[in-house]
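Trainee: I've got the model open in the viewer. Can we go through it bit by bit?

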Amino acid sequence: MTSILNEFNFTGIRNTFKLVSPYIFKNVKFYVLLIILLFVDILLTIGFAWFFGAITDAAVQGQFEKLKSLIPIILTLIVISLFSTFFKTFLESYITSNIRRKLKDHVLKQILLISPEKISKQRSGDLLTHFTNDISSIDGVIGSNLIYLIQLPLVSIAVFIYMLQINWQLSVISLFIIPFAIIIGGIFGILIRNNSRNIYNKIGDINSNLTETFQGLSVIRSFTLENFSIKKISNLNNQLFKLEVKNAKLRGNFYVIGEAISSITYIASLCLGAFFVSKGQISVGSLLTFVTLMQHLINPLTGLAGIWGSFQTSASAVERLSNVLEVKTENSELPIYKNKGRFPEKIKFRNVTFSYKPQTTIIKNLNLEIPTGKVVAIVGPSGAGKTTLFQLIQGYYKPQLGQILMDDVPINNLSPSELRSTYALVAQETFLFSGSIKDNLLLARPNITQNEMINATMHANIHEFIMTLPEQYETEIGERGVRLSVGQKQRIAIARAILKDAPILLLDEATSALDSESEFHVKLALDHLMKNLTTLVIAHRLSTIQHADLIVVMDNGEIVQTGTHEKLIKEEGMYKRLTQIQNMVKNSELDSLAL
Ligand SMILES: Nc1ncnc2c1ncn2[C@@H]1O[C@H](COP(=O)(O)OP(=O)(O)OP(=O)(O)O)[C@@H](O)[C@H]1O
């Protein structure tokens, strides 16, 4: 019994309503208008049925005057019906679009509030599907269906009462169809829900694969993976097609069975009604009214079953949305830029141990004091945990043991707005938004002046290049604009970080894509800027960090050496080894150039 109830997924439907009810309440005045129109509809239904009966009886009895008097009535009914249909259609679309828009904002805000740790577990294709499919599927519970849910039983009751007035024996037969309609609706509702759950999962798979394909186009081309990609996505498309065909079959069968019930009841009531007419128990007009009403009684009942199917589809979309909506977020408000973030005197890692996954410890009992206003370089082999240290210091991940302190305050106690305004990051992979170069620079913080912007691009050694572009700072970049080289992008990202005017600058391999001359200029500018800043630099090319005030050498999640270049180069250890290897590589490159 419980498993049957589970199949009906009442919890899913309750969750769906829990999600949409605040939006329904916000649009309550429009729903009230729709309910008024609903009563108009019920009156119109009965009015039209009465009219057919009255005009038939008047015709049969040859009452010409009565026939004439009925014309203005039907014209009035038609005009009211046209107005009512227009407003109903308009209001339904308005409400659904309005709620969908608000829900999209809500889901996007929630995604942006989820911590990097948790959101990295979601596939970008699934996140996209929430917007392209899942939210639209909520229509099943917010639009016309919600109104039908109230309308259909009301229409049925009103129609049934009117039918009773005409002939009770005929009316009683109509009661037999109710359980059939409900059982069939219930069964198909479950089948449709299960299938649409599979359809949405498949769409998520396809979107994820497409996103990867478009992001990895250069890899696909260089490894001639075009056919492989097409095959993979086409396979998924085939699976989706099969599920959609199954859906079409289910819906087709459902409507055919509904039609069959409706036709059988129609014919049965018509034959029985004709029998009552032949016995003189009811008039021809009453029979016409009765069979018209019968249609209105059956349609709502089979319609209810259809609505049940739509509810189930919406419930499966909400089930998917709950993957992001039910994730606990630490804050309810998005962080905002705070002018000149906190200027810390001391930053300390105290016994910090961290792992992304329980089995592998990435940072092991790390202790480090970062002097402010100085340049600290973090070096070490690939995978040593350098970038992880940046993730931790920005509060994107939290250490399992130990603390990161800013002026003796654990960073966990700082608000995200305060913490994020403290750092400006130039990451390993530069990301620029589509839009103009200026748009990309101005998003660093509010109220940037033209002078500040040009100053920053000059420091980043990119101003001159920008001035050679057709529309200079207004030049569009990104997919629809000018394509920039990796080095040019990196310099714009450096200018953007300078413009953020944050007290701590984090440079993660920030000049790795620059040629030696550019790097030299950018380094000069950064050195000048760094005088007032605390700068943490991750660098593989050790020659670029020789002037750092402190060099921290990491290996396998631990600090193995600290000191200045002069000190470390004299010690036997990883720093000296890495420097020697890099010098050897450089010399062999020079040799091969000389050849
Ligand atoms: N989001 C993540 N989830 C799980 N493991 C991760 C994640 N990010 C990094 N790691 C793992 O943590 C370890 C340290 O990575 P990290 O990026 O901090 O190294 P790194 O020293 O910056 O390396 P590189 O110099 O190559 O950039 C690596 O073994 C990596 O596989």
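Trainee: Is His459 buried or exposed?

Mentor: Keep in mind that this is a predicted model, where local features need pLDDT of at least 70, side-chain atom pairs count only at pLDDT 80 or more, and totals for chains, interfaces and linings use all residues. Residues are numbered from 1 along each chain as its sequence is written. A residue is buried with 20 or more other C-beta atoms within 10 Å of its own, exposed with 12 or fewer, and partly exposed in between, the C-beta atoms being placed from the backbone. His459 has 21 C-beta neighbours inside 10 Å, so His459 counts as buried.

Trainee: What is the strand order in the open sheet of 6 strands?

Mentor: Two strands pair if DSSP finds at least two bridges between them. The pairing in this open sheet is mixed, and the order is β6-β9-β10-β3-β11-β12.

Trainee: Which strands stand at the edges there?

Mentor: Look for strands with a single partner, since one side of each is then left without a neighbour in the sheet. The twist averages 20° from one strand to the next. The edge strands are β6 (423–426) and β12 (558–563).

Trainee: At about what angle to β9 does helix α13 run?

Mentor: Axes are lines fitted to C-alpha atoms, for helices over the stretch in contact (C-beta atoms, placed from the backbone, within 7 Å), and angles run from 0 to 180 degrees between N-to-C directions. Helix α13 (386–393) lies across β3, β9 (504–508), β10 and β11 (550–555), and its angle to β9 is about 150°.

Trainee: What is the bridge partner of Arg350 in β4?

Mentor: That takes us to an open sheet of 4 strands, antiparallel, with the order β2-β1-β4-β5. In it, β1 and β4 pair over 5 bridges. The partner of Arg350 in β4 is Gln403.

Trainee: Which residue in the hairpin of β4 and β5 takes a positive phi?

Mentor: β4 (401–406) and β5 pair over 2 bridges in the antiparallel sense, with Met406 opposite Val409. The hairpin has 2 residues between the strands, and the one with positive phi, near 50°, is Asp407.

Trainee: How many charged residues are in the shell around the ligand?

Mentor: The surrounding residues, each with its backbone-placed C-beta atom within 6 Å, include Ser120, Tyr356, Lys357 and Lys386. Ala, Val, Leu, Ile, Met, Phe, Trp, Tyr, Cys and Pro count as nonpolar, Asp, Glu, Lys and Arg as charged, and the others, Gly among them, as polar. By class the shell has 3 nonpolar and 6 polar residues, and the charged ones number 2.

Terms used: Two residues are in contact if their C-beta atoms, placed from the backbone, lie within 7 Å.
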